[in-house]
Amino acid sequence: MERYICVHGHFYQPPRENPWLEAIEIQDSAHPYHDWNERVTAECYAPNSASRVFDGEGHIMDIVSNYAKISFNFGPTVLSWMEIYSPEIYQAILDADRQSIQWRSGHGNAIAQVYNHIIMPLANNHDRRTQVIWGIKDFEHRFKRFPEGMWLSETAVDTGTLELLAELGIKFTILAPHQAVRTRRIGSGKWKDLGPGEIDPTRAYICKLPSGRRINIFFYDGPISQAVAFEKLLNRGEDFANRLLSGFSDMRQWPQILNIATDGETYGHHHRFGDMALAYALNYIETNGLARLTNYGEFLEKHPPTHEVQIVENTSWSCVHGIERWKADCGCSTNGHDEWNQEWRKPLREALDWLRDQLAFRFEHKAGEYLTKPWNARNEYIEVLFDRSEESIERFMNKHARRKLIDEEKRTVIKLLEINRHAMLMYTSCGWFFAELSGIETVQVIQYAGRAIQLSEEIFSDRLERVFIERLEIAKSNIPERRDGARIYEEFVKPAMIDLEKVGVHYAISTLFEDYTEKTEIYCYKIIREDYWTAHAGTTDLAMGKVLVSSKITFETEVLSFCVLSFGGHVLNGGVRAFLGTEAYQTMKNEISDAFEKGAFADIVRLMDSYFGMHKYSIIHLFRDEQRKILSHVISHVMEGFEASYRSMYENNHLLMGFIRETGMPVPNAFHTAAEYTLNVDIRKAFQVEEADADKIRNIINEIQKWNVQVDTINLEFIIRQRLESAMDKFYRDPADLLPLLEVQNIIMLSRSLPIEINFWQLQNIYFKMARTIYGEFIQKAKDGDREAARRIEVFKEIGLMLFFNVPAVLLRD
């Protein structure tokens, strides 16, 4: 009988955006990357778009897209991030789906996901519907087709959720084997009860629903999926392939689909090089004709279900207690301590449920003043998320408003809908998944709640926050100093809250370090500079101005005036407040500028107290990335002094320390520290100059080896990698210029003497692309007698070996 293999990857990252900035701020735990989305993209999402297939000797034979060969879903929130911050990988994912449509009988590999990964059986009916509709619409927006299937967060399921999927046109979903309770052949009257995991996962099933609708369900192979995720099966691609094939049985007399499902991050992020094991296994199976690769949509068309199934209500793939992990202390947790508990889960969910219901009641009544059908408008609000332009807003209002709305009413409608968006984001499943209430994932969902409360209080002037904090107090942290949810809210949510004045603060202070144009954008805010004046005296700087600040989300605007006085370094004093009129503003400017010209800085501080009162700020109030940038600039001047001191110690005592070393006497730690710091600075600078001096780099490397100093491998690898990729890209854009290719060759050879492992991933991608395209032109020109082309071929082949390619296999035939 026919054998099919379908590997499904659930690719997902929780939304990490600051709810007030609509962007992810720097996350130090993701170093050397800016944030975890960027890191996981580098370790998983990117490698799977161009995964390596190796020969028996560990050389690259081919580079393939795993996305074109597996079934997959991507969380809409991570795709929206990727579209902006990693557009090449984003496009590669879309291209892979289009390729799979050609390969899989018109069925694409990609399926949709409920929008922001909420636990569907725990959601109310409005949220369930919006989550599925937004998931479908986001998929259509990106993949340009209707999704055949939909992934349920944590595969959490109940009959109501399946009814909704079927109603909205979804053909299938994927569940864990223990989520099936009984089966029977279609047309047979007798059901067969199943124990946990007893269902045969090698066929599709139909689930007949109480409404009369139907939905197809695939149950993945539990043991093999478990081995992939947790049992190091990805250490060898051949082992992975054989384990997949072991799921077939000659005893089955029907076309079998061996399907597995895991977190997509398994292939590269959780297991380094897991993408390569996946690529090897699929290539091995396909090239040897051991099974046919498929996706769920294609298999359904070719082999419709012959059996019915009924599900176990309120179950999931990651909690053996059903869905208790997201509402109770059931014993399921991770990344914690044995003595910790998760009793905080219940009061957290209860607090959020209370807040949701309060917000829903207010929404329904207030929005009803402006919108014909408020909940339908919410379901279609995702169209605004795709395009927040004034034209898009106007189309939305024309479709849903009861009448022609004035600007203030439009802003109220947008705020009401934003409250709803954040009220759904606060249910992102990761908020309950881990062990501690103060973990970053849980703080994130509480911040979404904080943003919803802030917007609600702006409209209704109510006191939801006070009651919400009281309810959070019941949720107790495992960490004594964190105490409970109320303290966590005060420590992590309140300080994060932003209004237009705080955006003005950021702009005002950063003008001393940034050159802004008349119109600029800071995250999701627009700033128009209406007046700006600055003065400088020694290390002291003064800036005053007037700006119009507006939100690109809610379209609120405010005119602000500001004054910032910097005494150099990190010491500065800033004042920002609502603009009080031209006369008052001009008086402030005149008095403060006069005091500055006289050098009366104490008077300036007094005048700022007078004009701005308690509205005073410093660098601590900057948004995190700009704060880090400015502090790095300040620190750089300090580090220059450190470098001079270390360099003096190293160079002035170099000969003496060399002699001491020759005698066998231990070199003093102080000198070793000076040598390590100086040589690390030197090697970084040597690789960063426009024309790298090979002899100088070799001398520095010799010194590093001589004194056995620790190399800053993370930063140096990044510098060398960027240089290599830049040079290779130059050659790709202008293959007639051999110098960039020679630079690549030279830098790789030099780096081999350093204790670092260069990530050649992007370099290999460019090389492979050239090998399959431009290299043919080199061959033709060489045949026509072009000596330079012959030289390019020679160097190109040498670099291919350096990049671990099976050169004859990847190059076009000579």
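Analyst: Two strands pair if DSSP finds at least two bridges between them; helices (H or I, at least four residues) and strands (E, at least two) are DSSP runs numbered from the N terminus. The structure is a predicted model, in which local features need pLDDT of at least 70 and side-chain atom pairs count only at pLDDT 80 or more, while totals for chains, interfaces and linings use all residues. Residues are numbered from 1 along each chain as its sequence is written, and side-chain values use heavy atoms, with hydrogens and water left out.

User: Why are α23 and α25 called oblique?

Analyst: Helix α23 (residues 654–663) and helix α25 (residues 694–707) pack at about 45°, their axes being 12 Å apart. Angles under 35 degrees count as roughly parallel, over 145 as roughly antiparallel, 65 to 115 as roughly perpendicular and the rest as oblique. The two helices are therefore oblique to each other.

User: Which residues of α23 and α25 meet, and of what kinds are they?

Analyst: H654, M657, G658 and R661 in α23 meet E703, K706 and W707 in α25. These contact residues divide into 2 nonpolar, 2 polar and 3 charged (Ala, Val, Leu, Ile, Met, Phe, Trp, Tyr, Cys and Pro count as nonpolar, Asp, Glu, Lys and Arg as charged, and the others, Gly among them, as polar).

User: Why are α10 and α16 called roughly parallel?

Analyst: Helix α10 and helix α16 (residues 440–460) pack at an angle of about 30°, with axes 11 Å apart. α10 and α16 are therefore roughly parallel to each other.

User: What is the hand of the crossing of α10 and α16?

Analyst: α10 passes α16 in a left-handed crossing (the near helix is turned anticlockwise from the far one by less than a right angle; clockwise would be right-handed). The contact of α10 with α16 divides into 10 nonpolar, 2 polar and 2 charged residues.

User: How many aromatic pairs are there, and why is that of F363 and W375 called edge-to-face?

Analyst: The count comes to 42 aromatic pairs. Rings of Phe, Tyr and Trp (its six-membered ring) pair if their centres lie within 6.5 Å, with planes under 30 degrees apart counted as stacked, over 60 as edge-to-face and the rest as tilted. The ring centres of F363 and W375 are 4.9 Å apart and the planes stand at 65°, so this pair is edge-to-face. F363 is in helix α10 (residues 345–367) and W375 in helix α11 (residues 374–380), 12 residues apart, and the pair links distant parts of the chain.

User: How do you know that β2 and β3 are paired, and what lies between them?

Analyst: Strand β2 (residues 51–54) and strand β3 (residues 60–64) run antiparallel and are joined by 4 bridges; the two strands therefore pair. V53 has D62 in β3 as its bridge partner. β2 and β3 form a hairpin with 5 residues between them, and G58 in the turn has a positive phi of about 80°.

User: What is noted about the backbone at K144 and at P32?

Analyst: K144 has phi near 60°, a positive value in a residue other than glycine, and lies in the loop between α4 (125–143) and β6 (150–151). The peptide bond from H31 to P32 is cis, with omega near 10°; P32 is in the loop between β1 (3–11) and α1 (36–49).

Key:
Axes are lines fitted to C-alpha atoms, for helices over the stretch in contact, and angles run from 0 to 180 degrees between N-to-C directions. Contact means heavy atoms within 4.5 Å.
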